[in-house]
Amino acid sequence: MNRIYLIGFMGCGKSAVGRRLSFLLKLPFYDMDKEIVRQTGKTIPEIFEQHGEEYFRGLETQFLQNFKNDHCIISTGGGVTMRKANQKIMRNTGLVLFLDAPFREIWRRIHRDPNRPIVRRSTREEIEGLHKDRYRDYKQTAHITIRTEFRTLRQITQYAAFQVNRLKGE
Ligand SMILES: Nc1ncnc2c1ncn2[C@@H]1O[C@H](COP(=O)(O)OP(=O)(O)O)[C@@H](O)[C@H]1O
Ligand SMILES: O=C(O)C1=C[C@@H](OP(=O)(O)O)[C@@H](O)[C@H](O)C1
Ligand SMILES: [Mg+2]
């Protein structure tokens, strides 16, 4: 339980909250997407275009299987819960926080972002369907669900830190 994983749909705030939470809790921060970009030397869109989504999903699992650091915060990619093996690794090696943001807010944040290949190739309806399809996996993988609606990044970060300290008995 030494790691803190942030899970949730694209645009829910995993990377933004993860960075802030690492500062607040004085823990190292890793963004899974950025680690994959660093390891491959390719952007996420390039990996999708050159190797396909399934190859990218394998890189996510490899990251979780090979990652050795403890006492850190890891912001995952929004699709990491698609594989049960990934769910199991996260639940067994850390505290999993699900950032549960409303779809209309998610769409406002991501619909123009060129760095999310799944958004670029999909309609709003398809992305909303993906959000619905993945919701149960997020809930089942998480130890704690944090609803982000009507909360600022600062409030979400402080609440996440409170929950982490509460569960760690500090
Ligand atoms: N609670 C929030 N309030 C306002 N903006 C937010 C909030 N959470 C995330 N954002 C913004 O939304 C965008 C997507 O956030 P990001 O952390 O990249 O999401 P994820 O890593 O979950 O895909 C970023 O520009 C981020 O600053
Ligand atoms: O939801 C997904 O399948 C994905 C989410 C992305 O990360 P963010 O959730 O940080 O956007 C990134 O891993 C990739 O584009 C696939
Ligand atoms: Mg992110």
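## Pocket, cavity and annotated binding site

The residues lining the largest pocket split into 14 nonpolar, 11 polar and 11 charged. That's in a predicted model, so read everything below as computed from predicted coordinates. The pocket itself has a volume of about 700 Å³. Its lining counts 36 residues, and those closest to the centre are Met10, Gly11, Ser15, Asp33 and Arg116.

Which elements give two or more residues to that lining? They are H1, helix H2 (32-40), helix H3 (44-51), helix H4 (53-66), helix H6 (103-110), helix H7 (117-120) and H9. Helix H1 gives the most, with four residues.

Now for the cavity side of things. Searching the whole structure turns up one cavity of 30 Å³ or more, and the volume of the largest cavity is about 30 Å³. Strand E4 (94-100) and helix H8 (124-141) each put in at least two of the lining residues. By class, this lining has eight nonpolar residues, one polar and one charged.

Here are the two spaces next to each other.

| Space | Volume | Lining by class |
|---|---|---|
| Largest pocket | about 700 Å³ | 14 nonpolar, 11 polar, 11 charged |
| Largest cavity | about 30 Å³ | eight nonpolar, one polar, one charged |

On to the annotation. An unreviewed UniProt entry places the feature "binding site" at Gly11, Cys12, Gly13, Lys14, Ser15, Ala16, Arg116 and Arg151. Why don't these positions all gather at one spot? They span 141 residues in sequence and the farthest two C-alpha atoms sit 24.2 Å apart, so they can't all share one location. From this set, Cys12 is part of the lining of the largest cavity.

Lys14 lies in helix H1 (residues 14-25). Is Lys14 buried or exposed? Its relative accessible area is 6%, which is under the 20% cut-off, so Lys14 counts as buried. Leaving out residues up to four places away in sequence, Lys14 touches Leu6, Ile7, Gly8, Phe9, Ser75, Thr76, Gly77, Gly78 and Leu99.

With 26% relative accessibility, Ser15 is partly exposed. Beyond residues up to four places away in sequence, Ser15 touches Phe29, Asp31 and Ser75.

Where is Arg151 found? Arg151 is in the loop between strand E5 (144-147) and helix H9 (153-167). Its relative accessible area comes to 33%, and Arg151 is partly exposed. The residues Arg151 touches, not counting those up to four places away in sequence, are Ile146, Ile156 and Tyr159. A polar atom of the Arg151 side chain also lies 2.8 Å from the backbone oxygen of Arg147.

Note on methods: Residues numbered from 1 in each chain as written. Chains lettered and ligands numbered in written order. Predicted model: local features only at pLDDT ≥ 70, side-chain atom pairs only at ≥ 80, totals over all residues. Heavy atoms only, no water. UniProt positions renumbered as here; feature names shortened; annotations may be inferred. 1 Å grid on protein atoms, 1.4 Å probe; cavity = no way out; pocket = protein on both sides within 12 Å on 5 of 7 lines; lining within 4 Å. Buried < 20%, exposed > 50% of the residue type's maximum accessible area, 1.4 Å probe, protein only. Contact = heavy atoms within 4.5 Å. Polar contact = N/O pair within 3.5 Å; in protein donor to acceptor, adjacent residues only side chain to side chain. Points joined across faces, edges and corners; volume = space filled by probe spheres on them. Nonpolar A, V, L, I, M, F, W, Y, C, P; charged D, E, K, R; others polar.
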